[in-house]
Amino acid sequence: MLCSLVEAGDRLIVRDETGAELAGGSFSLVEISSRVGRIPRRISFQDGSLFETNDNDAVDRFLAQKGRAAAGIVHRLERFHPRLIAFVAATILLGGLIYRYALPALVEVAVAVTPPIVPRIMSASTFETMDRTLLDESKLDEVRRGKILDGFRRIAGVSAAGERAYTLNFREGGPIGPNAFALPDGTLILTDELVKLAGDDDEMIVGVLAHEIGHVEHQHSLRQIYRAAGVAALIMLVAGDIGSGAEDVLVEGGGLLALSYSRAAEAEADRHSVELMMKAGLDPAAIARFFELLETKLDDHSETSILSTHPGTPERRKAILDLIAELRKG
Ligand SMILES: [Zn+2]
C-alpha cells in the first residue's frame, strides 16, 4: 500500500492512495523515532496506530519545516536509554573485534582469490589517470635511462616473479616531485626529479626500485585497498551509511594514490630491496643511502612527497644496516 504523510493544520495525517485517512493525531503528540542509518522511521500516533517509512529524508524535511529537528536531538538526549547505550557499546565492541581479528584474515582471503586481471585493470586506470593529471614526459637523456634500466633489469631478473613481470616507466613528476612507485601489476614509475636528487648514484635509484618491487611482490597495495574497503563496510554496518570519505577512496580513480603503506609494509619492502640487491650483486645499502639523502637534502613536507609515504627514515636506515650486517654474518 502506498501511503503518504501529510500535515493538516496542527495535525499529522497518514493517507492511503485514495486519500482516506488511516491515522492521524495532533502534531505535538506524535512521536517520530530518531534517524539510525537506514532503519525505517516509526511514527507513533497517540491512538496507538503506527506508521513506518523508509523515506528518512522526507521525514527529516518535514521535521525541519516544523523546527523539530534540533529539538529532536535534545529530546533524545533527555531520555535515558540504557538499552540503546548497551546496544551502541556492543556494536562498537563488535566493530573493534572485527577490525582487529576478522578484517586481516578477510583481507588475506580476498588477496588470495583476486584474479590477476583485477590488479591489471586497477593499475592501467591509475596510470592513465596519473598521466592525464600529474605526470609529464620524461626529459631524461637516453644514456642515463639506459644505465638505470640495466640495473633495473638485474634486480627484476632475480625477483620471484622474474624480469618480465616488471616494467619501468620514466616520467616527469611535476606536483609529486622526486618519487618512485609501483602499481600492483608490476608497473613501476620513476620521476626525473628523483633521478636528479640521486646525483650520479644510479645504484641508489636501483635500490629504491628494488624496494618498490618489494611492495608488488608482497601485494601491499591490494591489501591496503581491501583494508580500506573492509573499513568502509564496517562503517556502513555501524552507521548504516557509507561515509563520504571512505566512498571517495573506493570510487575515485585516485584511490591507489591516496593510499600510503603501513610501517610494517615499508619495513618488508626495505628488506626486499636489501635481498634483491644482494642477489643481483649490487650494494644492499643503496636504499639506506637514499634515506640518508632524504633526511639531509629533502625538506619537503607536502602531502604528495615521497616522505609522506616513506616516513621514519632514521629508524629505517638503522634497520636496513642491521639487516645487512645480520645477512653478511649468516
Ligand atoms: Zn615504500
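At 1% relative accessibility, Phe291 counts as buried (under 20% relative accessible area; exposed is over 50%, partly exposed in between, with a 1.4 Å probe and protein chains only). This is a predicted model, where local features need pLDDT of at least 70 and side-chain atom pairs 80 or more, while totals for chains, interfaces and linings use all residues. Residues are numbered from 1 along each chain as its sequence is written, and side-chain values use heavy atoms, leaving out hydrogens and water.

Visitor: Which residue forms an aromatic pair with Phe291?

Guide: Searching the whole structure turns up one aromatic pair. Its rings sit 5.9 Å apart, centre to centre, with 55° between the planes, so it is tilted (centres of Phe, Tyr or six-membered Trp rings within 6.5 Å; under 30 degrees is stacked, over 60 edge-to-face, the rest tilted). The partner of Phe291 is Phe290.

Visitor: Is Arg171 buried or exposed?

Guide: Arg171 lies in strand S8, residues 167–172 (strands are DSSP E runs of at least two residues, numbered from the N terminus). Its relative accessible area is 18%. That is under 20%, so Arg171 is buried.

How values were computed. Helix = DSSP H or I, 4+ residues; strand = E, 2+ residues; numbered from the N terminus.
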